[in-house]
Amino acid sequence: LDGVVSKRLQNIAVGALAHMLSQSIGETRILVVETLGDSNSDEAIEPLVSQLGDGQVKVRRMATIALGRLKRPGAIEALIQALEDRDRGVRTFAWRALRTITGQRFPDQADAWRRWFASEK
């Protein structure tokens, strides 16, 4: 029973954090993204992926780091896309996250990762 309650509370907390993303700016937004990465919840993937398109480089960087910390395969496709971000830091963090999640050691080029991901489906 404790596990069920704990999971339910975790989902509520992640939902509240996801809602905060739409309400927060600056450093607060970055902190919320970081906290979602520490949540160990599948429910955090979607709100974090949505931040990969944010206008602030710091938010996009933290989102890639947070997705890597979650270590969820559901983030792979979005992280591959992030390998084409205009910011070098975002690309580097996305590459590191992909290596962490998949255990693969491809170069930091989206095409190589896309070929591998397509073969895994």
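Trainee: Does Ser 41 count as buried, partly exposed or exposed?
Mentor: This is a predicted model, in which local features need pLDDT of at least 70 and side-chain atom pairs count only at pLDDT 80 or more, while totals for chains, interfaces and linings use all residues. Residues are numbered from 1 along each chain as its sequence is written, and side-chain values use heavy atoms, with hydrogens and water left out. The classes rest on relative accessible area, with buried under 20%, exposed over 50% and partly exposed in between, for a 1.4 Å probe and protein chains only. Because Ser 41 has a relative accessibility of 0%, its class is buried.

Trainee: Which residues is Ser 41 in contact with, once neighbours within four places in sequence are left aside?
Mentor: Ser 41 sits in the loop between helix 2 and helix 3, where helices are DSSP runs of H or I with at least four residues, strands are runs of E with at least two, and both are numbered from the N terminus. A contact means heavy atoms within 4.5 Å. On that criterion, the partners of Ser 41 are Gln 10, Asn 11, Val 14, Leu 70 and Arg 72.

Trainee: How many Å separate the C-alpha atoms of Ser 41 and Gly 15?
Mentor: Along the chain, Ser 41 and Gly 15 are 26 residues apart.

Trainee: What is the phi of Asn 40?
Mentor: Asn 40 belongs to the loop between helix 2 and helix 3. Although Asn 40 is not a glycine, its phi is positive, at about 55 degrees.

Trainee: Where does Lys 71 lie, given its positive phi?
Mentor: Lys 71, a residue other than glycine, has a phi near 55 degrees. Its relative accessibility is 53%, so Lys 71 counts as exposed. As for its place in the chain, Lys 71 is in the loop between helix 4 and helix 5.

Trainee: Which residues have the most contacts inside the largest nonpolar core?
Mentor: A nonpolar core is a set of buried Ala, Val, Leu, Ile, Met, Phe, Trp, Tyr and Cys residues joined through side-chain atoms within 4.5 Å. The largest one here has 33 residues, and those with the most contacts inside it are Val 33, Leu 36, Leu 48, Leu 67 and Leu 79.

Trainee: Which helix gives the most to this core?
Mentor: At least two core residues come from each of helix 1 (2-23), helix 2 (26-37), helix 3 (45-50), helix 4 (57-70), helix 5 (76-82), helix 6 (88-102) and helix 7 (110-120). With 6 residues, the one that gives the most to this core is helix 4.

Trainee: Which residues does Leu 48 touch, not counting those up to four places away in sequence?
Mentor: Leu 48 is among the residues with the most contacts inside the largest core. Its partners, with those sequence neighbours set aside, are Val 33, Leu 36, Gly 37, Ala 63, Ala 66, Leu 67 and Leu 70.

Trainee: What pattern does the protein chain follow, read along the sequence?
Mentor: The secondary structure comes to 7 helices and 0 strands. Written out, it is α-α-α-α-α-α-α.

Trainee: What is the radius of gyration of the protein chain, and why does it agree with a compact globule?
Mentor: The radius is taken over C-alpha atoms, and the globule rule is 2.2 Å times the number of residues to the power 0.38. For 121 residues a compact globule would be near 14 Å, which agrees with the value for this protein chain, 15 Å.

Trainee: How far apart are the C-alpha atoms of Ser 22 and Arg 88?
Mentor: Ser 22 lies in helix 1, and it counts as exposed because its relative accessibility is 53%. Along the chain, Ser 22 and Arg 88 are 66 residues apart, and their C-alpha atoms are separated by 26 Å.
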